[in-house]
Amino acid sequence: METTKCLIIGSGPAGYTAAIYTGRANIPTILYEGLQPGGQLTITTEIENFPGYPQGISGPEMMDDLRLQAERFGASLRSGIITKADLSQRPFHVTVDDGTEIVADTIIIATGASAKYLGLDDEKKYAGMGVSACATCDGFFYRKKVVAVVGGGDTACEEASYLAGLASKVYLIVRKNYLRASQIMQDRVMQNPKIEVLFEHNVTGLFGDGGVEGAHVVRRKGEADEQHYDIAIDGLFLAIGHNPNSEIFREYLDTDETGYIITQGASPATNVPGVYAAGDVADPRYRQAIVAAGSGCKAALEVEKFLAE
Ligand code: NDP
């Protein structure tokens, strides 16, 4: 059993920023990095909209820098996943997957969100054999091949544009008759000759021997002119949004219907005093690195105030 003043769970921009602040405030801090140290940004190519990088910066590079900065101010960074949390009384007790027990006066939950899947049996059947939720991780395997991206948001447009640089052709499968991505991302997609946007389409299944060879799609599902057909593809990429990683805390913390942790107005305070939520796990709306970093900062300042009181 180990005790700490502050436990930070998660290693995205929210977690590392919180650790920079608690470290500089001399608050003994342990940070658990989870399954994917650096979080979602480590599977992004270029970050062009984080202030201070006029030429952009790669996701992994930015996260390495944030990690070093957190370490510089004394946070103890650990690999491991928190599997259980008891927030019923202070100090809080949490259990790590290696069996370690941590007792913490305050907790900052910065566990982020994970990619959603369509829920098709074929997604499981072809997992790692043509189905992916991360173009920048797996795109390399589809050089000169044909792929499809599902989704109509910024992530889908970004992934389609990225894959177009590798693959011979990219279908972007959008269930509505419009893209909800920002205008600049839409323009990039629409102007890319390698990308074909299939509006009002849904994927209903996949087929292939030993790997994906194609997808069953339906056009204008439920309409009088509904049409079913197949497209030949070598890979399917999901880019349809995310689920917040809040499961182990839901017994104690207020969440919305999707599981996003509800915080108190502009503060990252949760309904349990001493427990704060920062970054995407509490942010269904903005989900931006800069916003996550800002909320990590706020959470750390709240921790400092809470411990002083
Ligand atoms: P979004 O929630 O914005 O978009 C999800 C997309 O997936 C929508 O087009 C949605 O369709 C579609 N979708 C959802 N479920 C299904 C389903 N079951 N079948 C088919 N399609 C489905 O998620 P994103 O990940 O794209 O973006 C999340 C946030 O991150 C946004 O705020 C975005 O702006 C931001 N972001 C910013 C980037 C940047 O600035 N560089 C890069 C990436 C993300 P529908 O429209 O019909 O609901």
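## Negative surface patch

Three residues of helix α2 (residues 59–72) make this helix the element that gives the most to the negative patch. The model described here is predicted. The patch of negative charge lies on the surface and gathers Glu46, Glu61, Asp64 and Asp65. Aspartate 65 has its place in helix α2, and its relative accessible area of 38% makes it partly exposed.

Glutamate 46, one of the patch residues, also gives a reference point for a residue elsewhere in the chain. Tyrosine 260 comes 214 residues apart from glutamate 46 along the chain, and their C-alpha atoms are separated by 27 Å. Tyrosine 260 lies in the loop between β18 (242–244) and β19. Is tyrosine 260 buried or exposed? With a relative accessible area of 5%, tyrosine 260 is buried, because the cut-off for buried is under 20%.

## Domains

The domain assignment divides the protein into domain 1 (2–114 + 242–308) and domain 2 (117–238). Between the C-alpha centres of domain 1 and domain 2 there are 32 Å.

## Salt bridges

Side chains of opposite charge can pair when their charged atoms come close. The structure holds ten salt bridges. In one of them, the side chains of lysine 5 and aspartate 105 meet at 3.4 Å, N to O. Lysine 5 lies in strand β1 (residues 2–9) and aspartate 105 in strand β8 (residues 101–109), so this pair ties together parts that are 100 residues apart in sequence. Lysine 5 is partly exposed at 38% relative accessibility, and aspartate 105 is partly exposed at 25%.

Another salt bridge joins the side chains of arginine 188 and glutamate 48 (3.5 Å, N to O). Here the pair ties together parts that are 140 residues apart in sequence, because arginine 188 lies in helix α6 (residues 183–190) and glutamate 48 in the loop between β3 (46–47) and β4 (57–58). Arginine 188 counts as partly exposed at 36% relative accessibility, whereas glutamate 48 counts as exposed at 52%.

How far apart in helix α2 are glutamate 71 and arginine 67? They are four residues apart, so about one helical turn separates them. Their side chains meet in a salt bridge of 3.9 Å, N to O. Glutamate 71 is partly exposed at 37% relative accessibility, and arginine 67 is partly exposed with a relative accessible area of 27%.

## Backbone exceptions

Most residues other than glycine have a negative phi, and most peptide bonds are trans. The peptide bond from arginine 90 to proline 91 is cis, with omega near -10°. Proline 91 is found in the loop between β6 (82–86) and β7 (92–96).

Lysine 144 has a positive phi, near 60°. This residue sits in the loop between α4 (135–138) and β11 (146–150), and lysine 144 counts as exposed at 72% relative accessibility. Arginine 287 also has a positive phi, near 50°. The loop between β19 (275–277) and α7 holds arginine 287, which is partly exposed at 36% relative accessibility.

## Nonpolar surface patch

Tyr286, Ile290 and Val291 make a nonpolar surface patch of about 260 Å². Valine 291 has its place in helix α7 (residues 289–308) and counts as partly exposed, at 33% relative accessibility.

Methods: Residues are numbered from 1 along each chain as its sequence is written. This is a predicted model: local features need pLDDT of at least 70, side-chain atom pairs count only at pLDDT 80 or more; totals for chains, interfaces and linings use all residues. Side-chain values use heavy atoms; hydrogens and water are left out. Patches are made of residues with over 30% relative accessible area and no salt bridge: like charges are joined within 9 Å, nonpolar side chains (Val, Leu, Ile, Met, Phe, Trp, Tyr) within 5 Å. Accessible areas come from the Shrake-Rupley method with a 1.4 Å probe; for residues, only the protein chains shown count as cover. A salt bridge is a side-chain nitrogen of Lys or Arg within 4 Å of a carboxyl oxygen of Asp or Glu. Helices (H or I, at least four residues) and strands (E, at least two) are DSSP runs, numbered from the N terminus. Buried means under 20% relative accessible area, exposed over 50%, partly exposed in between (1.4 Å probe, protein chains only). Lys and Arg count as positive and Asp and Glu as negative; His and the chain ends are not counted. The place of a charge is taken as NZ of Lys, CZ of Arg, CG of Asp or CD of Glu. Domain bounds come from an automatic or database domain assignment.
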